[in-house]
Amino acid sequence: MEKRIKINANTTLQYLQVFNGILELTYKELQVLSRFIDLGDTVDLCSSSNKKIVAQDLHIKDHNTLNNYVKRLKDKKTKNGYELNPILVPRNKMVIEVNKT
């Protein structure tokens with residue numbers, strides 16, 4: 001039997017929250033990652049200039065503090081080096097298939 005569930009995600013943060021059961025990110029990690037994604041550069045995601053912008057947006061005094069979050073995001077496989085995991089790039093429509101074996 002096939003079931004379809006429609007989820008509307010109006011922001012990048014909401015989009016990432018859909019995957020958070022798998023990623024197990026803290027809310028702060030979700031905020032940091034969503035802000036990096038919103039900057040639009042998915043290849044050099046955590047560049048120094050991007051870290052400065054994200055730190056300012058999230059009211060973090062020293063942008064180098066984000067290195068802790070960047071490391072945790074890498075450990076949780078949200079990024080490959082400085083490149084965003086392709087499944088996390090927001091799309092208008094995504095189909096997820098779950099099979100019980």
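Buried means under 20% relative accessible area, exposed over 50%, and partly exposed in between, with a 1.4 Å probe and protein chains only. By that rule, the buried residues of α1 are T12, L13, Y15, L16, F19, N20 and L23. They span an arc of only 160 degrees around the axis, which puts them on the same side of α1. The arc is that of the directions from the helix axis to the C-beta atoms.

This is a predicted model: local features need pLDDT of at least 70, side-chain atom pairs count only at pLDDT 80 or more, and totals for chains, interfaces and linings use all residues. Residues are numbered from 1 along each chain as its sequence is written, and side-chain values use heavy atoms, with hydrogens and water left out.

**Overall make-up**

- The chain's secondary structure comes to 4 helices and 2 strands. Helices (H or I, at least four residues) and strands (E, at least two) are DSSP runs, numbered from the N terminus.
- From the N terminus on, the order of elements is α-α-α-α-β-β.
- Along the principal axes, the C-alpha atoms fill a box of roughly 50 × 25 × 25 Å.
- Of the chain's 101 residues, 33% count as buried.
- Contact means heavy atoms within 4.5 Å. Among contacts between residues at least 6 apart in sequence, 52% join residues at least 24 apart.

**Surface and charge**

- The accessible surface of the chain comes to about 7300 Å². Carbon and sulfur atoms account for 49% of that surface. Accessible areas come from the Shrake-Rupley method with a 1.4 Å probe; for residues, only the protein chains shown count as cover.
- There are 17 positive and 11 negative side chains. Lys and Arg count as positive and Asp and Glu as negative, while His and the chain ends are not counted.
- The centres of the two charge sets lie 3 Å apart. Each charge is placed at NZ of Lys, CZ of Arg, CG of Asp or CD of Glu.

- The buried residues of α1 pack against α2.
- T11 sits in the segment before α1. T11 counts as partly exposed, because its relative accessibility is 41%.
- The T11 side chain reaches the backbone nitrogen of Q14 at 3.1 Å. A polar contact is a pair of N or O atoms within 3.5 Å; within protein, one must be able to donate a hydrogen and the other to accept it, and residues adjacent in sequence count only if both atoms are side-chain atoms.
- T11 and R35 are 24 residues apart in sequence. Their C-alpha atoms are 10 Å apart in space.

**N20 and the end of α1**

- N20 is found in α1, which covers residues 12-23. N20 is buried because its relative accessible area is 18%.
- A polar atom of the N20 side chain lies 2.7 Å from the backbone nitrogen of L25.
- Leaving aside neighbours within four places in sequence, N20 is in contact with L25 and L30.
- E24 follows α1 and has a positive phi, near 55 degrees. Most residues other than glycine have a negative phi.
- E24 belongs to the loop between α1 and α2 (27-38). E24 is exposed, with a relative accessible area of 57%.

- In α3, N50, K51, V54 and A55 are buried. Seen down the axis of α3, these buried residues fall within an arc of 130 degrees, so they line one face of the helix.
- An α-helix has 3.6 residues a turn, so residues three or four places apart point the same way.
- The cover over the buried residues of α3 includes α2 and α4.
- Just after α3, H59 takes a positive phi of about 60 degrees. H59 is not a glycine.
- H59 lies in the loop between α3 (48-57) and α4 (66-75). H59 is exposed, with a relative accessible area of 72%.

**D38 in α2**

- D38 lies in helix α2. D38 counts as partly exposed, because its relative accessibility is 43%.
- D38 and K71 are 33 residues apart along the chain. Their C-alpha atoms are separated by 19 Å.
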